[in-house]
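User: I would like a close look at a single part of this model, with the criteria spelled out as you go.

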Amino acid sequence: MSEDFYEVLGVSRDASEDEIKQAYRKKAAEYHPDVSDDPNAEEKFKQVKKAKEVLTDEEQRRAYDQMGHERFEQAEKRGGFDGGAGGAGGGPFGGGAGGDPFGGAGGMGDIFEQFFGGGGGGGGRGGARQGADLRTSLTITLEEAYHGVTKQLNITRPERCPDCDGSGHPPGADSETCPQCNGRGQETTVRQTPLGRVQQTRTCSRCEGEGTLYDETCSTCGGEGVTREDASLEVEIPGGIDSGQTLRMEREGAPGEGGGPNGDLLVEIQVEEHPDFDRDGADLHYTLPVSFPQAVFGDTVEIPTLDGKVEMDLDAGVQSGETRRLRGKGMPRLQRRGQGDLLVHVQVVTPQKLNEEQQEALEAFAEASDEDLSVDQSFFEKIKSSF
């Protein structure tokens, strides 16, 4: 993944704050270590988080745009953008961020931010926010894609903690106003940079935006407000769906923040390959093997379809490689009327062994066709000469 923060999030350099936050949620959902199979997911998740923190802070973004990535990083290492507005803290309410330059809690705090959207005032002081979208995949057969099907989907996803209702602390826990942010949920620091004084406002690193500190954390969720739970969902898959298309299950994603709605669950569909048919959008392709006599004299043959067998007439003298189109025998057109076609590709099959009677008959055919055919010619050469 590129280090440039705009490229990390996949946004343009003039992207709005809302566009940056939206891109962050998508990338964070993609690379979160709890849901991603990427071996470098944890590192990428941290990089995405850092990019969002810088680009959603007006002063830091201005400095980043003016200085460029490398100089900005160097200035940060020299302490130009350090946090640390509060100390380690003490007493029954725990400590501060301890030098995290972006005020993140780290560890499970990253998970909390992923589930609840991150940024802003955080916790209960940032207003209601929709939860993050989650992604999964589901594999179905071509027959199921043709007819449509209801499938059972089993996933593990974040859920609002049932014991603390997502607050992270028991209902009866003692509380006090956060002394680091004076209950605002945000803290402001001023730092001297090569470009002058920079004022930075960010989520309070001690109370994580709550504005309040509690003397107890929920034992069920460890104070994070979410737990990982197994869920069984029914997915309605419409006929005509193709590989790579995604179904959106509203409000089946991660829980929202501050009473906000859940995110959505995005289910990417994969359709298995079929032993008989190749798919091209709404059309299906089928290779029909025919014998030499069938090709010469013609025949009525049965053609398999996904809706049962149908009969098709072969004209006498049909050639290998010719195609017949059976209209309306392909896949349903998703969100449209009608169906695609079934294209039948004729393939004349050459027998690999002939008995004596068959060989004599074929030689007689060649002689009657006024062709010079010696006995030691291969069967393929005989067929080729006969035409």
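Which exposed residues does the face of helix 8 turned away from its buried side carry?

Analyst: This is a predicted model, in which local features need pLDDT of at least 70 and side-chain atom pairs count only at pLDDT 80 or more, while totals for chains, interfaces and linings use all residues. Residues are numbered from 1 along each chain as its sequence is written, and side-chain values use heavy atoms, with hydrogens and water left out.

The face in question carries E357, E367 and A368 as its exposed residues, where exposed means over 50% relative accessible area, buried under 20% and partly exposed in between, with a 1.4 Å probe and protein chains only. Helix 8 itself covers residues 356-368, 13 residues in total, and reaches 18 Å from its first C-alpha to its last, close to the 18 Å expected at 1.5 Å a residue; that expected span is 1.5 Å times one less than the number of residues, and helices are DSSP runs of H or I with at least four residues, numbered from the N terminus.

The buried residues of helix 8 are L362, E363 and A366. Seen down the helix axis, these buried residues fall within an arc of 100 degrees, so they line one face of helix 8, the arc being that of the directions from the axis to the C-beta atoms. In general, an α-helix has 3.6 residues a turn, so residues three or four places apart point the same way.

At the N-terminal end, helix 8 is capped by N355, which places a side-chain oxygen 3.2 Å from the backbone nitrogen of E357.

Conventions:
Helices (H or I, at least four residues) and strands (E, at least two) are DSSP runs, numbered from the N terminus. A polar contact is a pair of N or O atoms within 3.5 Å; within protein, one must be able to donate a hydrogen and the other to accept it, and residues adjacent in sequence count only if both atoms are side-chain atoms.
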